[in-house]
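Hi,

Here is the structure I promised to pass on. Have a look at it first, and then read my notes below.

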Amino acid sequence: MKKIYMCSALLFMLAGCQQTEMQEDKEVNSAVPESMEASIAIKGTLDEGKEVILETTVKQGSQLVNEADEVLFEVRKSGHDKRDMLEAKNTGSGKYQVMHTFTEQGKYIVVAHVTAKGLHVMPEKEVVIPEHEAQGASVHPSTDVSIEFQSNPVKAGSSSMFAATVELDGKPLTNADVNFEVWKDGSEESHFTKAEDDGNGRYENKVSFVEAGTYKVQVHVEKDEVHEHQLQTIQVN
């Protein structure tokens with residue numbers, strides 16, 4: 001009778017262990033993270049010697065990733081070993097950007113190295129910088145975008161009104177997406193402030209500064225095929 005009781009207890013313990021192991025396996029499988037994806041976009045006119053924005057948008061499943069550990073853009077001319085590694089800044093909405101100038105015509109390979117949440121992805125994009133057409137050949141009519149930036153004297157601990165007057169081919173450019181990107185000289189963090197359109201090509205908004213020092217202000221203008229920017233330095237007292 002004693003042997004029968006001991007065998008029953010042993011079988012009960014084994015069944016309990018098996019059930020626990022199955023539950024643990026189930027928990028491990030359910031913890032597998034969703035895959036991460038990143039895409040590359042080039043904003044601006046692809047032309048020799050002209051600065052453009054390299055941008056990548058990072059997602060994990062349906063969620064935008066705004067806290068990547070590191071985002072680097074690798075730029076290499078096709079057939080060459082030399083490459084530039086450029087650190088991108090987080091601009092919000094899962095986007096990371098860096099400015100770059102392609103100094104020569106030809107084919108380039110752009111790779112975004114994205115590290116986030118223990119995952120790493122490397123999307124790749126081919127970029128072609130065209131040769132300039134010979135003088136006298138027919139070309140598409142060019143557009144001329146002018147940006148005039150104005151600001152009041154800036155003091156730390158207060159806000160200042162920033163304004164940009166934008167013209168396209170000598171006429172006010174309205175209904176554009178205009179942003180002021182501001183960062184302290186030497187800092188890797190920047191902040192964007194969306195400017196409001198007054199309907200006459202003038203865009204403005206207030207920007208606040210906590211600390212005194214030298215700052216960079218980049219005015220970004222986007223509308224349809226237009227993507228221009230202007231960089232200036234201001235002093236905050």
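Let's start with Leu72, which touches Met85, Leu86, Glu87, Val111, Ala112 and His113; residues up to four places away in sequence are not counted there, and contact means heavy atoms within 4.5 Å. Before going further, a word on the source: this is a predicted model, in which local features need pLDDT of at least 70 and side-chain atom pairs count only at pLDDT 80 or more, while totals for chains, interfaces and linings use all residues. Residues are numbered from 1 along each chain as its sequence is written, and side-chain values use heavy atoms, with hydrogens and water left out.

Back to Leu72, which lies in strand β4. Strands are DSSP runs of E, at least two residues, numbered from the N terminus. With 18% relative accessibility, Leu72 counts as buried (buried means under 20% relative accessible area, exposed over 50%, partly exposed in between, with a 1.4 Å probe and protein chains only). Leu72 and His113 are 41 residues apart along the chain, yet their C-alpha atoms are separated by 5.0 Å.

Now the cores. A nonpolar core here is a set of buried Ala, Val, Leu, Ile, Met, Phe, Trp, Tyr and Cys residues joined through side-chain atoms within 4.5 Å. The largest one has 25 residues, and Leu54, Phe73, Phe102, Val110 and Val114 have the most contacts inside it. Two or more residues each come from β1, β2, β4, β7, β8 and β10, and β8 gives the most, with 5 residues. Val110 touches, among others, Ile40, Leu54, Phe73, Phe102 and Val127, leaving out residues up to four places away in sequence. Another core, of 23 residues, lies apart from it and includes Val145, Phe149, Leu173 and Val236.

β18 (residues 213–223) and β19 pair in the antiparallel sense over 11 bridges, and Glu222 stands opposite His227 in β19.

Strand β18 is also the place of Gln218, which counts as buried at 3% relative accessibility. Gln218 and Gln230 are 12 residues apart in sequence and 5.5 Å apart in space, C-alpha to C-alpha. Leaving aside neighbours within four places in sequence, the contacts of Gln218 include Met99, Phe180, Trp183 and Gln230.

Cheers

Conventions: Pairing = 2+ DSSP bridges. Helix = DSSP H or I, 4+ residues; strand = E, 2+ residues; numbered from the N terminus.
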